[in-house]
Amino acid sequence: METRGQCIAVVSGKGGTGKTSFTAGVGSALALGGKRVLCLDCDVGLRNLDLALGLTDRALMDFSDVAQGRCSLESAVVEHPKIPGLFLLTAPVRSRGRPVSERQMADLLQEIRRRYDYCLLDAPAGLGGGFLLATCAADRAVVVTTADASSLRDAQHTVMELNRFSSGSLHLVVNRVRKKMLRSMHATIDDAIDKAGLPLIGVVPEDDALPLCLNQGVPLLLAGAQPAASAYRNIATRIQGGKAPLLRIK
Ligand SMILES: Nc1ncnc2c1ncn2[C@@H]1O[C@H](COP(=O)(O)OP(=O)(O)O)[C@@H](O)[C@H]1O
Ligand SMILES: [Mg+2]
C-alpha cells in the first residue's frame, strides 16, 4: 500500500474535556465514510477509548507491545464488529518495563500511516509523558476544550506546547456547548478562538446521548440522529478537507 495516512493527536490541558468521546465519534464517522481508521489510546493507566467505542475487553495486546516489538500491529488491533474499517489499538493498563520512547512511537506511526487512512491518538490529560507520546510524531493536532474559562486557559497552555506543528495543522474543538449559550455563542466561540489562538474545526453540542451510549456500550454514531453525532460527522468531513456547516443546534 502506497497511500500515506494521517496521524492526528487529540489533546487538551484539562481532563474531561471530551478527547476520548471526540476520538471515538470522529473515528467512527471517518470509518462509516469508508476510510480505514485506527483509534490509538495513549492514556496509559486510564484507558477508556475501548468503552467509548463499545469495544471493551477485546484487546489483549497494546501499543507498547507493538512499539517495542513484542507483537505485530495486525495482531494487536481490534476491528469494530459493527463499524467495518474502524480499529482500536489500546493502551497498556499500567506501564511495565521501559516506557515507549518517542523514537519507537515515531516508527509505530510510520507503519500505521502505511496501513490506515487516519489514526486518531487519544491523549491523556495534561502535558506529561502521554501527551508527548501522542504529539511527538503526529501530523496534526486537535485541541479539545469546553467553553469555560479554566478549560480555555488550559487549552492556551497546551497550544504553547504544540509549537512543532505548523499553524495549518493545529485546530480547536469547542465541546459541550449548550443551547442556552447559543445567544452568546458567537462571542464565546470567538473568545475561545482568540484565547487559544487556533482556527476552529468544530463545535460539539452538549448531548445526553453521549453518557447514555457509553453506558449501553453502543457507538454514538450508530445511535440515530443525535446532535453530537452530526457534529462529529461534520468534523470528519472537514478533516478530509471538505466543507460542512459549523453548527446547528435545535
Ligand atoms: N458533548 C458532550 N455532551 C455530553 N457529555 C459529554 C460530551 N462530551 C463529553 N461528555 C462526557 O464527559 C465525560 C468526559 O468525556 P471524555 O471524552 O472521557 O473526556 P476526556 O477524554 O477529555 O477526559 C464523559 O462522561 C462523556 O460522556
Ligand atoms: Mg480520555
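1. Let's start with burial. Of the 250 residues in the protein, 51% are buried, where buried means under 20% relative accessible area, exposed means over 50%, and partly exposed lies in between (1.4 Å probe, protein chains only). Please keep in mind that this is a predicted model, in which local features need pLDDT of at least 70 and side-chain atom pairs count only at pLDDT 80 or more, while totals for chains, interfaces and linings use all residues. Residues are numbered from 1 along each chain as its sequence is written, chains are lettered from A and ligands numbered from 1 in the order in which they are written, and side-chain values use heavy atoms, with hydrogens and water left out.

2. Next, the overall dimensions. Along the principal axes, the C-alpha atoms fill a box of roughly 55 × 40 × 35 Å.

3. You will find 10 helices and eight strands here. Both kinds of element are DSSP runs numbered from the N terminus (helices are H or I with at least four residues, strands are E with at least two).

4. The eight strands form an open sheet with mixed pairing, in the order 3-4-2-5-1-6-7-8. Strand 3 and strand 8 (200-205) are the edge strands, as each pairs on one side only. Two strands pair if DSSP finds at least two bridges between them.

5. Five of its five residues are buried, so strand 5 is largely enclosed by the rest of the structure. Tyr 118, Leu 120 and Asp 122 lie on one side, with Cys 119 and Leu 121 on the other. Strand 5 pairs in the parallel sense with strand 1 over five bridges, where Cys 7 has Cys 119 as its bridge partner. Strand 2 also pairs with strand 5 in the parallel sense over five bridges, and Leu 40 stands opposite Leu 121.

6. Now move to strand 4 (residues 86-89), which is covered on both faces: Leu 86 and Leu 88 are buried on one side, Phe 87 and Leu 89 on the other. Its pairing with strand 2 (residues 37-41) is parallel, over four bridges, whereas its pairing with strand 3 (residues 78-79) is antiparallel, over two bridges. Leu 88 faces Cys 39 and also Val 78. The hairpin of strand 3 and strand 4 has six residues between the strands, and Gly 85 there takes a positive phi near 90°.

7. Which residues does Phe 22 contact beyond its neighbours within four places in sequence? They are Val 10, Gly 27, Val 142, Val 144, Val 173, Tyr 232 and Ile 235, with contact meaning heavy atoms within 4.5 Å. Phe 22 sits in helix 1 (residues 19-32) and counts as buried because its relative accessibility is 1%. Two of these contacts, Val 144 and Val 173, stand opposite each other where strand 6 (residues 140-146) and strand 7 (residues 170-177) pair in parallel over six bridges.

8. Finally, helix 6 (residues 129-136) has Phe 131, Leu 133, Ala 134, Thr 135 and Cys 136 as its buried residues.
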